[in-house]
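Visitor: I have a structure open and would like to talk through its side-chain contacts. Could we start with the charged groups and then turn to the rings?

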Amino acid sequence: MAMAARRACVRGSGPAPCRRGGDSRVGVRHGRRAGPAWLTRAVCGAAVVAGVSACSSAPVVVAVPTFDAAPTTSAGAPPTREAGNPLPDTCEDLIRSDEASALFGLPVDSVAVRTVLGTPSPSVGRVERLTCTFTVSGPAPAPLQGVRLQMIIGAYQDAAAAHDQHERNVADQKAGASGSAEPDLGAAAATVVEHDAETVLLTSVDTLTLDLDLARRPAPLSPSDLLADFARRVLAKLAPDRSHGSSDASP
(Lines give C-alpha, C1' and ligand atoms only; values in the text may rest on other atoms or scores of the structure.)
Protein backbone atom coordinates (compact mmCIF):
# COMPACT_ATOMS: atom_id res chain seq x y z
CA MET A 1 0.00 0.00 0.00
CA ALA A 2 1.27 3.53 0.80
CA MET A 3 4.22 2.20 2.82
CA ALA A 4 5.53 0.38 -0.24
CA ALA A 5 5.22 3.38 -2.49
CA ARG A 6 8.31 5.39 -3.31
CA ARG A 7 8.79 8.66 -5.10
CA ALA A 8 11.97 10.00 -6.63
CA CYS A 9 13.07 13.33 -5.13
CA VAL A 10 15.92 15.47 -6.38
CA ARG A 11 18.70 15.24 -3.80
CA GLY A 12 22.13 16.37 -4.76
CA SER A 13 23.19 14.96 -8.12
CA GLY A 14 21.15 11.72 -8.09
CA PRO A 15 17.73 10.40 -7.16
CA ALA A 16 17.04 9.27 -3.63
CA PRO A 17 14.05 7.42 -2.22
CA CYS A 18 11.32 9.59 -0.85
CA ARG A 19 10.02 7.82 2.25
CA ARG A 20 6.93 8.55 4.30
CA GLY A 21 5.99 7.75 7.87
CA GLY A 22 8.83 6.52 10.13
CA ASP A 23 11.72 7.68 7.93
CA SER A 24 11.22 11.27 9.01
CA ARG A 25 11.66 10.24 12.66
CA VAL A 26 15.02 8.42 12.26
CA GLY A 27 16.99 11.57 12.90
CA VAL A 28 15.20 12.06 16.22
CA ARG A 29 15.90 8.52 17.50
CA HIS A 30 19.62 8.60 16.64
CA GLY A 31 20.19 12.19 17.61
CA ARG A 32 20.89 13.41 14.09
CA ARG A 33 20.59 17.05 13.29
CA ALA A 34 17.73 17.66 10.84
CA GLY A 35 19.28 18.63 7.56
CA PRO A 36 18.34 19.17 3.91
CA ALA A 37 17.28 15.53 3.50
CA TRP A 38 14.67 15.91 6.21
CA LEU A 39 13.38 19.13 4.64
CA THR A 40 13.08 17.43 1.23
CA ARG A 41 11.12 14.53 2.71
CA ALA A 42 8.78 16.90 4.61
CA VAL A 43 7.99 18.89 1.47
CA CYS A 44 7.31 15.70 -0.45
CA GLY A 45 5.04 14.38 2.30
CA ALA A 46 3.04 17.63 2.39
CA ALA A 47 2.60 17.43 -1.36
CA VAL A 48 1.25 13.88 -1.08
CA VAL A 49 -1.27 14.98 1.55
CA ALA A 50 -2.40 17.86 -0.65
CA GLY A 51 -2.91 15.50 -3.58
CA VAL A 52 -0.28 17.20 -5.74
CA SER A 53 2.94 15.56 -6.93
CA ALA A 54 5.52 18.11 -5.78
CA CYS A 55 8.37 15.81 -6.84
CA SER A 56 7.75 16.10 -10.56
CA SER A 57 10.05 18.12 -12.72
CA ALA A 58 7.39 20.60 -13.95
CA PRO A 59 5.55 23.01 -11.56
CA VAL A 60 1.88 22.29 -10.90
CA VAL A 61 -0.45 25.15 -11.76
CA VAL A 62 -3.69 25.33 -9.70
CA ALA A 63 -6.43 27.34 -11.34
CA VAL A 64 -7.82 30.18 -9.20
CA PRO A 65 -11.65 30.01 -9.01
CA THR A 66 -13.59 33.01 -10.22
CA PHE A 67 -16.96 34.25 -8.97
CA ASP A 68 -19.65 36.41 -10.49
CA ALA A 69 -19.77 39.92 -9.12
CA ALA A 70 -22.34 40.35 -6.34
CA PRO A 71 -25.26 42.61 -7.22
CA THR A 72 -24.74 46.12 -5.96
CA THR A 73 -27.16 47.50 -3.38
CA SER A 74 -28.07 51.10 -2.86
CA ALA A 75 -26.74 52.77 0.26
CA GLY A 76 -29.60 55.25 0.31
CA ALA A 77 -32.95 55.03 2.07
CA PRO A 78 -34.02 51.70 3.60
CA PRO A 79 -36.47 49.59 1.61
CA THR A 80 -40.12 50.49 1.97
CA ARG A 81 -43.32 48.56 1.40
CA GLU A 82 -44.50 48.14 -2.16
CA ALA A 83 -46.24 51.20 -3.56
CA GLY A 84 -50.02 50.93 -3.17
CA ASN A 85 -49.68 48.74 -0.03
CA PRO A 86 -48.69 51.13 2.77
CA LEU A 87 -50.85 49.52 5.47
CA PRO A 88 -50.04 46.47 7.63
CA ASP A 89 -51.83 43.17 7.13
CA THR A 90 -53.33 43.01 10.63
CA CYS A 91 -54.54 45.51 13.21
CA GLU A 92 -52.38 43.83 15.87
CA ASP A 93 -49.37 45.36 14.11
CA LEU A 94 -50.71 48.78 15.14
CA ILE A 95 -52.43 48.22 18.50
CA ARG A 96 -52.11 44.91 20.32
CA SER A 97 -55.10 43.50 22.18
CA ASP A 98 -53.30 43.65 25.54
CA GLU A 99 -52.33 47.26 24.86
CA ALA A 100 -55.96 48.12 24.08
CA SER A 101 -57.08 46.43 27.32
CA ALA A 102 -54.69 48.64 29.30
CA LEU A 103 -55.79 51.80 27.49
CA PHE A 104 -59.43 51.01 28.23
CA GLY A 105 -58.60 50.31 31.88
CA LEU A 106 -59.85 46.73 31.63
CA PRO A 107 -58.42 43.38 32.78
CA VAL A 108 -55.88 41.67 30.55
CA ASP A 109 -57.41 39.59 27.74
CA SER A 110 -60.62 41.63 27.86
CA VAL A 111 -60.25 43.03 24.33
CA ALA A 112 -60.24 41.18 21.01
CA VAL A 113 -59.08 42.86 17.80
CA ARG A 114 -60.69 42.00 14.48
CA THR A 115 -59.14 42.94 11.11
CA VAL A 116 -61.01 43.57 7.88
CA LEU A 117 -59.09 44.43 4.71
CA GLY A 118 -61.08 46.77 2.50
CA THR A 119 -61.07 47.40 -1.24
CA PRO A 120 -59.73 50.36 -3.24
CA SER A 121 -62.06 53.22 -4.15
CA PRO A 122 -60.71 54.88 -7.31
CA SER A 123 -63.47 57.52 -7.28
CA VAL A 124 -61.89 59.19 -4.22
CA GLY A 125 -58.29 58.08 -4.87
CA ARG A 126 -58.20 55.46 -2.11
CA VAL A 127 -55.85 52.55 -2.81
CA GLU A 128 -56.26 50.59 0.44
CA ARG A 129 -58.46 50.45 3.53
CA LEU A 130 -58.03 48.71 6.89
CA THR A 131 -60.80 48.43 9.50
CA CYS A 132 -60.00 47.43 13.08
CA THR A 133 -62.78 46.56 15.53
CA PHE A 134 -61.98 46.35 19.26
CA THR A 135 -64.56 44.25 21.13
CA VAL A 136 -64.71 43.88 24.92
CA SER A 137 -65.70 40.55 26.47
CA GLY A 138 -65.13 38.65 29.72
CA PRO A 139 -63.42 38.99 32.16
CA ALA A 140 -64.60 42.61 31.83
CA PRO A 141 -67.86 43.45 33.63
CA ALA A 142 -70.98 42.72 31.57
CA PRO A 143 -72.04 46.41 31.21
CA LEU A 144 -68.73 47.15 29.44
CA GLN A 145 -68.85 44.29 26.99
CA GLY A 146 -69.48 44.74 23.28
CA VAL A 147 -67.89 46.78 20.51
CA ARG A 148 -65.84 49.50 22.15
CA LEU A 149 -63.90 51.13 19.32
CA GLN A 150 -63.75 51.04 15.54
CA MET A 151 -60.68 52.33 13.72
CA ILE A 152 -60.64 52.90 9.96
CA ILE A 153 -57.41 53.67 8.08
CA GLY A 154 -57.33 54.71 4.45
CA ALA A 155 -54.31 54.98 2.13
CA TYR A 156 -54.66 57.32 -0.87
CA GLN A 157 -52.81 57.90 -4.11
CA ASP A 158 -51.59 61.31 -2.95
CA ALA A 159 -51.83 63.73 -0.03
CA ALA A 160 -54.43 65.90 -1.77
CA ALA A 161 -56.85 62.98 -2.12
CA ALA A 162 -56.38 62.04 1.55
CA HIS A 163 -56.96 65.63 2.69
CA ASP A 164 -60.09 66.01 0.57
CA GLN A 165 -61.57 62.81 1.98
CA HIS A 166 -60.72 63.95 5.51
CA GLU A 167 -62.58 67.23 4.94
CA ARG A 168 -65.64 65.35 3.69
CA ASN A 169 -65.58 63.04 6.70
CA VAL A 170 -65.35 65.98 9.11
CA ALA A 171 -68.28 67.75 7.42
CA ASP A 172 -70.41 64.60 7.61
CA GLN A 173 -69.64 64.02 11.30
CA LYS A 174 -70.27 67.63 12.32
CA ALA A 175 -73.83 67.46 11.01
CA GLY A 176 -76.00 67.08 14.12
CA ALA A 177 -72.98 66.93 16.49
CA SER A 178 -73.15 68.34 20.01
CA GLY A 179 -69.65 69.77 19.82
CA SER A 180 -66.23 69.59 18.15
CA ALA A 181 -62.59 70.46 18.83
CA GLU A 182 -59.20 70.29 17.12
CA PRO A 183 -56.63 68.45 19.27
CA ASP A 184 -52.89 68.81 18.70
CA LEU A 185 -51.55 65.78 16.83
CA GLY A 186 -48.47 67.37 15.38
CA ALA A 187 -48.36 67.31 11.58
CA ALA A 188 -51.73 65.53 11.37
CA ALA A 189 -54.95 67.45 10.80
CA ALA A 190 -57.31 66.36 13.56
CA THR A 191 -60.91 67.01 14.61
CA VAL A 192 -62.85 65.51 17.52
CA VAL A 193 -66.63 65.41 17.09
CA GLU A 194 -68.97 64.72 20.02
CA HIS A 195 -72.26 62.89 19.61
CA ASP A 196 -74.72 61.71 22.26
CA ALA A 197 -73.63 58.06 22.13
CA GLU A 198 -70.12 58.28 20.68
CA THR A 199 -66.99 60.35 20.22
CA VAL A 200 -65.23 60.42 16.83
CA LEU A 201 -61.68 61.50 16.05
CA LEU A 202 -60.83 62.13 12.38
CA THR A 203 -57.23 62.69 11.30
CA SER A 204 -55.21 63.01 8.11
CA VAL A 205 -51.47 63.07 7.47
CA ASP A 206 -49.73 62.83 4.10
CA THR A 207 -51.48 60.08 2.08
CA LEU A 208 -53.30 58.55 5.08
CA THR A 209 -56.56 59.10 6.93
CA LEU A 210 -57.23 57.69 10.39
CA ASP A 211 -60.74 57.75 11.87
CA LEU A 212 -61.63 56.40 15.32
CA ASP A 213 -65.18 55.94 16.62
CA LEU A 214 -65.46 55.30 20.38
CA ALA A 215 -68.59 54.18 22.19
CA ARG A 216 -69.12 56.25 25.31
CA ARG A 217 -68.30 54.00 28.23
CA PRO A 218 -66.28 54.56 31.40
CA ALA A 219 -62.50 54.69 30.91
CA PRO A 220 -59.49 56.07 32.83
CA LEU A 221 -59.17 58.82 30.18
CA SER A 222 -61.82 61.10 28.74
CA PRO A 223 -63.13 59.94 25.33
CA SER A 224 -61.20 62.62 23.42
CA ASP A 225 -57.96 61.95 25.34
CA LEU A 226 -58.30 58.20 24.85
CA LEU A 227 -58.81 58.61 21.09
CA ALA A 228 -55.85 61.00 20.87
CA ASP A 229 -53.69 58.42 22.66
CA PHE A 230 -54.78 55.72 20.20
CA ALA A 231 -54.11 58.04 17.25
CA ARG A 232 -50.59 58.97 18.43
CA ARG A 233 -49.63 55.32 18.80
CA VAL A 234 -50.96 54.38 15.37
CA LEU A 235 -49.55 57.40 13.53
CA ALA A 236 -46.14 56.80 15.11
CA LYS A 237 -46.07 53.47 13.25
CA LEU A 238 -47.77 54.51 10.01
CA ALA A 239 -45.97 57.85 9.57
CA PRO A 240 -42.97 57.88 11.94
CA ASP A 241 -41.30 60.79 10.14
CA ARG A 242 -44.38 62.98 10.53
CA SER A 243 -45.71 61.95 13.95
CA HIS A 244 -45.24 64.26 16.89
CA GLY A 245 -45.78 63.82 20.57
CA SER A 246 -46.34 60.07 20.26
CA SER A 247 -46.71 58.24 23.54
CA ASP A 248 -43.61 56.21 24.38
CA ALA A 249 -44.75 55.15 27.82
CA SER A 250 -46.17 51.69 28.20
CA PRO A 251 -49.75 51.69 29.48
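Visitor: Which residues are linked in a network of salt bridges?

Guide: Bearing in mind that this is a predicted model, the network of salt bridges links Arg-96, Asp-98, Glu-99, Asp-229 and Arg-233.

Visitor: And how many salt bridges does the structure hold?

Guide: The structure holds four, and one of them joins Asp-98 to Arg-96, with the closest N and O atoms 3.0 Å apart. Arg-96 also forms a salt bridge with Glu-99, where the closest N and O atoms are 3.9 Å apart.

Visitor: Is Glu-99 buried or exposed?

Guide: Glu-99 counts as buried because its relative accessibility is 8%, under the 20% cut-off. Asp-98 is partly exposed, with a relative accessible area of 37%, and Arg-96 is likewise partly exposed, at 41%.

Visitor: What about Arg-233 and Asp-229, how far apart are they in helix H5?

Guide: Arg-233 and Asp-229 are four residues apart in helix H5, so about one helical turn separates them, and their side chains meet in a salt bridge of 2.8 Å, N to O. Arg-233 is buried, with a relative accessible area of 9%, and Asp-229 counts as buried at 13% relative accessibility.

Visitor: Switching to rings, how many aromatic pairs are there?

Guide: There are two aromatic pairs. In one of them, the ring centres of Phe-104 and Phe-230 are 5.6 Å apart and the planes lie at 35 degrees, so this pair is tilted. It links distant parts of the chain, since Phe-104 belongs to helix H3 (residues 97-104) and Phe-230 to helix H5 (residues 223-238), 126 residues apart.

Visitor: Which residues form the edge-to-face pair?

Guide: That pair is formed by Phe-134 and Phe-230, at 5.7 Å centre to centre and with 70 degrees between the planes. Phe-134 lies in strand E4 (residues 126-136) and Phe-230 in helix H5, so the pair ties together parts that are 96 residues apart in sequence. Both Phe-134 and Phe-230 are buried, and ring pairs link Phe-104, Phe-134 and Phe-230 into a cluster.

Visitor: What sits over the ring of Phe-104?

Guide: The charged end of Arg-148 does, 4.6 Å from the ring centre, and Phe-104 itself counts as buried, at 1% relative accessibility.

Visitor: One last thing, how many bridges join E4 to strand E5?

Guide: Ten bridges join E4 to strand E5 (residues 146-156), and the two strands run antiparallel; Leu-130, for instance, has Ile-153 in E5 as its bridge partner. Strand E5 is also joined to strand E9 (residues 208-215) by seven bridges, again antiparallel.

How values were computed. Residues are numbered from 1 along each chain as its sequence is written. This is a predicted model: local features need pLDDT of at least 70, side-chain atom pairs count only at pLDDT 80 or more; totals for chains, interfaces and linings use all residues. Side-chain values use heavy atoms; hydrogens and water are left out. Rings of Phe, Tyr and Trp (its six-membered ring) pair if their centres lie within 6.5 Å; planes under 30 degrees apart count as stacked, over 60 as edge-to-face and the rest as tilted. Buried means under 20% relative accessible area, exposed over 50%, partly exposed in between (1.4 Å probe, protein chains only). A charge sits over a ring if NZ of Lys or CZ of Arg is within 6 Å of the ring centre and within 35 degrees of the ring normal. Two strands pair if DSSP finds at least two bridges between them.
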